[in-house]
Amino acid sequence: MSFPKLGILGGGQLGKMLCQAASCWELPIYALDTSIEFPAGPYAKGFQQGSFKDYDDVLGFGRQMDIITIEIEHVNTDALKQLQEEGKTVHPDPAALDIIKDKGLQKTFYKEHNIPTSPFQLFPDKNAVLNAVKSGDLTIPFVQKSRTAGYDGKGVAVIKNQADLTEKLLDGACMIEDLVEMEKEIAVIVAQNERGEISAFDPVEMEFNPIANLVEFLICPSNITEEQAKTCTDLATKVIKAFNICGLLAVELFLDKQGNILVNEVAPRPHNSGHHTIDSAITSQYEQHLRGVLNLPLGSTKMTTPSVMVNLLGAEGYTGKAIYEGLSDCLAIEGVKIHLYGKELTKPFRKMGHATIIADTIEAAKEKARKVQATLIIKTND
Ligand SMILES: Nc1ncnc2c1ncn2[C@@H]1O[C@H](COP(=O)(O)OP(=O)(O)OP(=O)(O)O)[C@@H](O)[C@H]1O
Ligand SMILES: [Mg+2]
């Protein structure tokens with residue numbers, strides 16, 4: 001068989017790992033992003049410099065491709081819709097992308113499709129939120145999320161008291177939801193192809209770093225009951241069907257203290273919570289995304305070994321050209337698989353790579369993961 005030309009909007013680490021997966025089949029991938037210095041640059045067959053947010057850049061790039069996909073949601077969907085009209089295959093569907101890009105529309109979509117999610121309200125700006133609190137329509141505590149400006153926890157404010165209300169409230173159109181009493185955070189990555197095959201990876205459990213509000217440990221298998229795992233997987237399947245997405249959909253879920261399982265948000269692309277699949281599943285999420293968007297048979301999602309994934313973040317206090325202290329000590333630990341993204345510059349909490357630690361038990365993997373975190377320091381020379 002001969003492969004179609006596949007274009008990705010975005011040239012970051014997710015794009016790089018898509019290129020790596022594609023290289024096994026000699027499948028040519030082309031990427032669009034502002035700098036060839038980005039992680040996917042050296043791995044893409046072709047790299048076009050331009051902005052995935054710009055109509056003309058996306059249109060011009062897409063016209064040279066057969067199939068267009070993404071590694072980031074914040075792309076120009078008008079151009080993608082035009083490409084669809086011109087006969088190009090675009091996965092995920094830009095109509096779904098428009099809903100997902102806006103946390104207000106996304107939550108409304110769940111409500112309309114009977115998908116369990118925490119109760120919410122939409123507000124045009126900060127003042128409207130303050131007025132609602134004054135009038136008693138809205139009560140503290142709550143979580144405020146920017147409708148369109150959020151990424152990596154940055155557009156999220158948890159408002160627990162009056163002081164938070166004056167200090168933390170975000171500007172702009174927002175979605176306000178109940179503060180969930182969290183038992184666990186789970187993610188399920190599910191995939192679909194055009195022939196309607198659907199396949200989910202095992203649920204993974206996320207443990208957060210409270211300071212950076214970024215995932216610290218990602219654990220697979222997660223410590224939930226079989227029944228809970230089935231509910232999570234069934235929900236993820238329902239969501240991918242509702243959006244009618246081909247390729248991957250990462251579904252972030254909350255298990256609350258009352259035992260409810262709620263959908264938090266989704267990402268229609270490879271996701272941080274699926275990095276471990278490169279080293280601990282028969283098919284990686286990246287290969288699965290390619291299978292989904294190319295309408296190939298989906299691969300087995302079976303886990304081959306327990307794993308813990310840690311993001312390798314830029315150390316606090318260092319901004320500049322990155323160096324990796326302690327790398328060879330980490331490579332000496334059995335089961336530690338290091339993936340560096342090749343970002344030239346580090347800054348505090350920037351995702352510079354990840355490590356997947358495979359071991360016979362989660363406990364053993366966690367212990368090694370802590371060693372990696374204490375040993376591998378991403379800093380600068382000065
Ligand atoms: N309603 C809620 N109640 C309690 N905690 C919440 C709620 N919403 C979000 N959080 C916490 O904030 C984190 C980030 O929220 P969310 O995933 O919606 O934002 P994000 O900016 O898209 O983050 P990311 O890009 O890291 O996924 C969640 O993983 C969770 O820990
Ligand atoms: Mg999230």
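**Terms and values**

Reply: H2 and H3 are roughly parallel to each other, since angles under 35 degrees count as roughly parallel, over 145 as roughly antiparallel, 65 to 115 as roughly perpendicular and the rest as oblique. Helix H2 (residues 55-63) and helix H3 (residues 77-85) pack at about 30°, with axes 8 Å apart. Axes are lines fitted to C-alpha atoms, for helices over the stretch in contact, and angles run from 0 to 180 degrees between N-to-C directions. This is a predicted model: local features need pLDDT of at least 70, side-chain atom pairs count only at pLDDT 80 or more, and totals for chains, interfaces and linings use all residues. Residues are numbered from 1 along each chain as its sequence is written, while chains are lettered from A and ligands numbered from 1 in the order in which they are written.

Me: Which residues of H2 and H3 meet?

Reply: Tyr55, Val58, Leu59 and Gly62 in H2 meet Asp78, Ala79, Leu80, Gln82 and Leu83 in H3. To be in contact, two residues need C-beta atoms, placed from the backbone, within 7 Å. That contact divides into six nonpolar, two polar and one charged. Ala, Val, Leu, Ile, Met, Phe, Trp, Tyr, Cys and Pro count as nonpolar, Asp, Glu, Lys and Arg as charged, and the others, Gly among them, as polar.

Me: Why are H1 and H10 called roughly perpendicular?

Reply: Helix H1 (residues 13-23) and helix H10 (residues 285-293) pack at about 75°. H1 and H10 are therefore roughly perpendicular to each other. Met17, Leu18, Gln20, Ala21 and Ala22 in H1 meet Tyr286, Glu287, His289 and Leu290 in H10.

Me: What makes the chain as compact as a globular protein of that length?

Reply: The chain has 12 helices and 22 strands. Helices (H or I, at least four residues) and strands (E, at least two) are DSSP runs, numbered from the N terminus. The radius of gyration is 21 Å, close to the 21 Å of the globule rule for 382 residues, so the chain is as compact as a globular protein of that length. The radius is taken over C-alpha atoms, and the rule is 2.2 Å times the number of residues to the power 0.38.

Me: Which residues in H5 are buried?

Reply: In helix H5 (residues 103-112), they are Lys103, Gly104, Gln106, Lys107, Phe109 and Tyr110. Buried takes 20 or more other C-beta atoms within 10 Å of a residue's own; exposed, 12 or fewer; partly exposed, in between; C-beta atoms are placed from the backbone. The cover includes helix H4 (94-101) and strand S6 (120-123).
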